[in-house]
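This report looks at the fold of a protein chain and then at the setting of a single residue.

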Amino acid sequence: MPDSPENDLLDFDNPPVVETVFSAQFEKLPTMRSVHFGLFWQRIRDRFPSTEEHPPLDPVIEQQTERVGHAVGLRFEAVDTLSPQRVWFVNDTGDQLIQLQTDRFIKNWRKRDADYPRYKHSIKPAFDRDFQELQLFLTEEKLGQLKINQCEVTYVNHIVAGEGWSSWTEVEKVFSFWKNPPAESYPGLPEDMALRARFPIFDPNRNWIGRLHVEVQPALRTTDMKPMYVMNLTARGMYGKGLEFLDIGHRWVVKSFAQLTTEHMHNLWRKK
């Protein structure tokens, strides 16, 4: 395992995280059809009684030599209308869901009334349990074995004004990577700030295994129109047989969040 143990990670009593996403992407299961999604639902229906259908997510493979920017053009693909696109299985309270398509398994936690469940004692064990349930189902139905080619960890944070800062101009109170210039000089105080940055992730032998994506955007909270900054951190890559990257990705997300936000905010989030 790269770096040091999990117990050195910064923890908060009241973190701003509103959603976590843990994903395992694998080679497409060509014989999986709509009926199989229904059969799998029967295995987990007691915990995830509701379903939704959504468009599929495109496969994503992080490449070390990836160019910044993307080519623009048209892409034509054959669509198998017999296969479902992406099915959500949602629990009663709506704070947990499984997303399944023929090449991806995703587990979400979304903030509702309950506090953020801790990764080590709740999120990761729940992901492992449900992913193993999928593997067992595929074996019993003779649909093939999963060959993981990419894993992903995403944390979505809503940093809301009124909790240690009051307007988008006070960027330096929230983020450690920004220091406002004196108000009387050019360019003066920013109205707001947006950030998009990428960082390489390495294994213990300094081999490149993935990338951390950080995005910060100003927004308004829909419930009360308060200003906030939405901060997304996504670690994506491949290590070992695949799922080993989830621990690495989680570590990179948590450590990077702590480094990119201020001690002022850490105290307001009740740093342990």
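How many helices and strands are there in the protein chain?

## Secondary structure

The protein chain contains 5 helices and 9 strands, where helices are DSSP runs of H or I with at least four residues and strands are runs of E with at least two, numbered from the N terminus. Along the sequence they follow the pattern β-α-β-β-β-β-α-β-α-β-β-β-α-α.

## Basis of the model

The model is predicted, with local features requiring pLDDT of at least 70 and side-chain atom pairs pLDDT 80 or more, whereas totals for chains, interfaces and linings use all residues. Residues are numbered from 1 along each chain as its sequence is written, and side-chain values rest on heavy atoms, without hydrogens and water.

## Overall dimensions

Along its principal axes, the C-alpha trace spans about 70 × 40 × 40 Å. Of the 272 residues in the protein chain, 44% are buried, meaning under 20% relative accessible area with a 1.4 Å probe, protein chains only.

## The setting of Asp130

Asp130 belongs to helix H2, which covers residues 119–140, and this residue is buried, its relative accessible area being 0%. Leaving aside neighbours within four places in sequence, Asp130 is in contact (heavy atoms within 4.5 Å) with Arg47, Phe48, Ile98, Phe105 and Lys107.

With Lys107, the side chain of Asp130 makes a side-chain polar contact at 2.7 Å; such a contact is a pair of N or O atoms within 3.5 Å, and within protein one must be able to donate a hydrogen and the other to accept it, while residues adjacent in sequence count only if both atoms are side-chain atoms.

How values were computed: Buried < 20%, exposed > 50% of the residue type's maximum accessible area, 1.4 Å probe, protein only.
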